[in-house]
Amino acid sequence: MKYFLDIYKGVKTLINGFRVTHKYFINARKEIITVQYPEEKVQIFDRFKGEVIMPHDEKNEHACTGCQACEIACPNGTIEIIWNRIVDAETGKKKKVIDKHIYHLSMCTMCSQCIEACPTDAIVWGQGFEHSVTDRSELTKVLNKPGSKVRASVKE
Ligand code: SF4
Ligand code: SF4
């Protein structure tokens with residue numbers, strides 16, 4: 001008797017499973033977000049944290065003063081700021097300028113602390129996600145572009 005009861009329970013469970021699958025297949029097709037990547041584009045949401053980036057404008061200027069607040073805020077040393085002092089042509093005073101804003105993507109936990117700490121909003125979340133490389137060193141990036149400088153309107 002137990003043998004037939006087990007068969008009955010098994011068939012009933014199977015039918016229940018098929019019922020759920022069928023219901024999803026018929027009713028939820030519009031909500032399916034699976035895509036045939038990389039042939040199809042993946043939809044990226046605004047809040048997605050892909051990597052820390054430093055936006056530059058059309059004049060190749062950014063908002064980074066080299067204050068190091070992001071470097072200090074980062075809990076695991078993902079950011080290194082290499083800076084210099086130059087003499088400001090307008091004021092004649094010495095001024096801190098950024099040389100390299102180095103970001104080790106392979107170490108980043110996407111915690112946002114650097115972005116929140118930045119007083120000039122010089123760094124933001126970028127949505128790039130295709131980070132696979134064969135050489136780990138390629139995940140170390142310099143966020144300020146070659147030849148770029150801090151925007152004159154940005155206050156230290
Ligand atoms: S997101 Fe977090 S771990 Fe990544 S660089 Fe910023 S502070 Fe460091
Ligand atoms: S990115 Fe922001 S916090 Fe980091 S050094 Fe530049 S200005 Fe300072």
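Colleague: What makes you set the chain's 26 Å radius of gyration against a compact globule of 156 residues?

Modeller: This is a predicted model, and a compact globule of 156 residues would come out near 15 Å, whereas the chain has 26 Å. The rule behind that is 2.2 Å times the number of residues to the power 0.38.

Colleague: How are the domains laid out, and what separates their centres?

Modeller: The domain assignment gives domain 1 as 2-31 and domain 2 as 51-147. Taken over C-alpha atoms, their centres are 54 Å apart.

Colleague: What share of the chain counts as buried, and what makes a residue count?

Modeller: A residue needs 20 or more other C-beta atoms within 10 Å of its own. Of the 156 residues, 13% count as buried.

Colleague: How do you know which residues come nearest to ligand 2?

Modeller: The cut-off is a C-beta atom within 6 Å of the molecule. There are 13 residues around ligand 2, and Cys64, Cys67, Ala69, Cys70 and Cys118 come nearest.

Colleague: Why is the shell around ligand 2 split into 9 nonpolar and 4 polar residues, with no charged ones?

Modeller: It comes down to residue type: Cys and Ala count as nonpolar, so Cys64, Cys67, Ala69, Cys70 and Cys118 belong with the nonpolar residues. Charged would take Asp, Glu, Lys or Arg, and the shell has no charged residues.

Colleague: And what order do the elements run in?

Modeller: From the N terminus on, α-β-β-α-β-β-α-β-β-β, which comes to 3 helices and 7 strands.

Notes: Residues numbered from 1 in each chain as written. Chains lettered and ligands numbered in written order. Predicted model: local features only at pLDDT ≥ 70, side-chain atom pairs only at ≥ 80, totals over all residues. Domains from an automatic or database assignment. Helix = DSSP H or I, 4+ residues; strand = E, 2+ residues; numbered from the N terminus. Buried ≥ 20, exposed ≤ 12 C-beta atoms within 10 Å, placed from the backbone.
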